[in-house]
Every structure is written in C-alpha cells, then in structure tokens.
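Let's take a walk through this fold together.

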Amino acid sequence: MSRSLILGAALSSVVVLMALLSFVWTPYDHAALNIPDKLQLPNAQHWFGTDHFGRDIFSMIMVGARTSIAVALVAVGIGMALGVPLGLTAAARKGSWLDELIMRGNDLVFAFPSLVIAILITAVFGPGALNAIIAIGIFNIPVFARITRGAALSLWEREFILAARVAGKGAARISAEHILPNVANLLIVQGTIQFSLGILAEAGLSYVGLGAQPPTPSWGRMLADAQTMVSFAPHLALIPGLAIIVTVLGLNLLGDGLRDWLDPRIRVARA
C-alpha cells in the first residue's frame, strides 16, 4: 500500500470524522452570536478563534465540513448515476446517431462551467445548497460519460466480450455484466478526483453567494466574510482556506493511491 494512499486516507478520514462528529457535538453553537468575544485569536477557549460576530470558528469549520462533503458527495453521485449509463450506451452504440447525440450533448455541457450553470439556476430558483448540488452534478455528468465511454471502447473488441456476444447476450447485458465491472476501478479513482473538485466548486459557489445560505456555515462564505478583515484578523481567512487545502489534498492523494493500488499494470511495474 503506497504512502500517498495512507496519507490521503488519513487526511480524508479526519475531515469526514469531523463532519460526522458535528451532528452530535461541537464546542459551541455554530450560529450563536457573542459580540463581546468577537475577533479573538486562537486560544484555550476557542481553538481556532472567533469571527466578527463572536462565533466559534472551530465549530463553524466542523459544520462547514458537513456542508461541503454533502454537496460534493451528492453532486458526484448525480454525475456517476447519469454519466456512467450514458457512457456505456455511447460505447455500445459507437458510430451511431445515439453515440453522436450523447457526445455532442456532453460538449454542450462542457461549454458552460459549473459557476455559469449555477448562476442560471439561481436566476430561476434562487441561491442555496440544493442549486449548488444541481449545478456541480450537471457538470460532472459529461466527465463520467467521457471516462466511461473511453474505457468501454477499449473493452468491446476484447475476446471475452466477443464470447459474450456469441453466447447471445445483448449490448445492455454485456455493458452491465462485463464492461461495467472492468471499468469500476477507473470510475472509483475518478470519483475521488471529482469529489475534491466538488469541494472546490462548492467553496467557490458559496464564496460568490450561490451556495449554502446563512445560518448554515460554509468554508467558501467564511472566506468571503473574511476578505475585508485579513489585515487585522488573518486567521479568519487562513483557517477555512487551510481546511479546503487539506481536504482537497487528502482526496487527491487518496485518488492517486487508489489508482496505484487498483491498477495491476502499475503494481507489476513496481514489483
């Protein structure tokens, strides 16, 4: 097991455990205002200090982890649930009008970044975590569709697929029973990468006011609130920024470690 996998799993586990713990315990109420204690530096009572409303930053970081993970996880789930079947279908119908329709639809979605999609959705339905999930999820669909199609195309000419076709299995059954299990490793690795990108996207959307709305804490909105106070209270920006960096770094290391662990060609080369 590689060091990147161990380190990535450790960092990711810390963030996930912190988010889960926030459901049952936080040092303080993350929404409680305490103006006399505002802008305190990290100390024994407030481990990460307090913000301009006297709220405990450590408690906000814990609940913010829950928000970021939930948004990114659901968004990646949407991308996989819709993108993987589309990719399998396109690969099974290579060269047909259906393949062309799916891939040109992917190109259309790629033309609009998640932030632009979020702005369009917000203009109709208003800002919120749900709209952030929809925007990030829509952007993930073509990512998984392309990855799945590319991996599946290399398998359709393999001998075991030809044997399945001779046995009378249809394209849908072959995709489900033979193609999908053989591309699952690649999808797992890509899922961890998209998860980290989802964390960044959620922070970015919250930074511009399109993500989770008050009083729900969000790392991106914490950065936005701190931008005018960096000169005299730098911890307001440093702590949520470090939380984002650690989370994204952990997930990327986890993805690299999983790729090395799950890919037999890399294991053989290293042996």
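In which helix do arginine 104 and aspartate 107 both lie, and how many residues apart are they? They sit in helix H3, 3 residues apart, which is about one turn of the helix. Helices here are DSSP runs of H or I with at least four residues, strands are E runs of at least two, and both are numbered from the N terminus. The side chains of arginine 104 and aspartate 107 meet in a salt bridge, with 2.9 Å from N to O; the term stands for a side-chain nitrogen of Lys or Arg within 4 Å of a carboxyl oxygen of Asp or Glu.

Before going on, some ground rules. This is a predicted model, where local features need pLDDT of at least 70, side-chain atom pairs count only at pLDDT 80 or more, and totals for chains, interfaces and linings use all residues. Residues are numbered from 1 along each chain as its sequence is written, and side-chain values use heavy atoms, with hydrogens and water left out.

How confident is the predictor? On the pLDDT scale, the predictor's confidence in each residue from 0 to 100, the chain has a mean of 90, and 96% of its residues reach 70 or more. Among the elements, H2 has the highest mean pLDDT, at 95, while helix H10 (residues 264-270) has the lowest, at 52. Where pLDDT is low, the predicted coordinates should not be read in detail.

Now for the overall layout. The chain has 10 helices and 0 strands, and its C-alpha atoms fill a box of roughly 75 × 50 × 30 Å along the principal axes. Of its 271 residues, 45% count as buried, meaning under 20% relative accessible area, with exposed being over 50% and partly exposed in between (1.4 Å probe, protein chains only). Among contacts (heavy atoms within 4.5 Å) with a separation of 6 or more, 69% are between residues 24 or more positions apart.

Let's go inside. A nonpolar core is a set of buried Ala, Val, Leu, Ile, Met, Phe, Trp, Tyr and Cys residues joined through side-chain atoms within 4.5 Å. In the largest one, with 41 residues, Ile61, Trp156, Ile179, Phe195, Ile199 and Trp219 touch the most other members. H1, H2, helix H5 (129-153), helix H6 (159-166), H7, H8 and H9 each supply at least two residues of this core, and H2 gives the largest share, 12 residues. A second, separate core of 12 residues includes Ile117, Ile121, Ile133 and Ile136.

Leaving out residues up to four places away in sequence, tryptophan 219 touches Val15, Ile61, Gly64, Ala65, Ser68, Ile199, Pro240, Ala243, Ile244 and Thr247. Apart from neighbours within four places in sequence, alanine 212 is in contact with Thr67, Gly128, Ala129, Glu202, Ser206, Ser218 and Arg221.

Back to the charges. Side chains of opposite charge can pair when their charged atoms come close. The structure holds 8 salt bridges. In one of them, arginine 149 pairs with aspartate 99, the closest N and O atoms being 2.9 Å apart. Arginine 149 lies in helix H5 and aspartate 99 in helix H3 (residues 97-110), so this pair ties together parts that are 50 residues apart in sequence. Arginine 149 counts as buried at 19% relative accessibility, and aspartate 99 counts as buried at 5%.

What about the pair we started with? Arginine 104 counts as partly exposed at 40% relative accessibility, and aspartate 107 counts as partly exposed at 29%. Arg104 and Asp107 also belong to a network of salt bridges that links them with Glu100 and Arg146.
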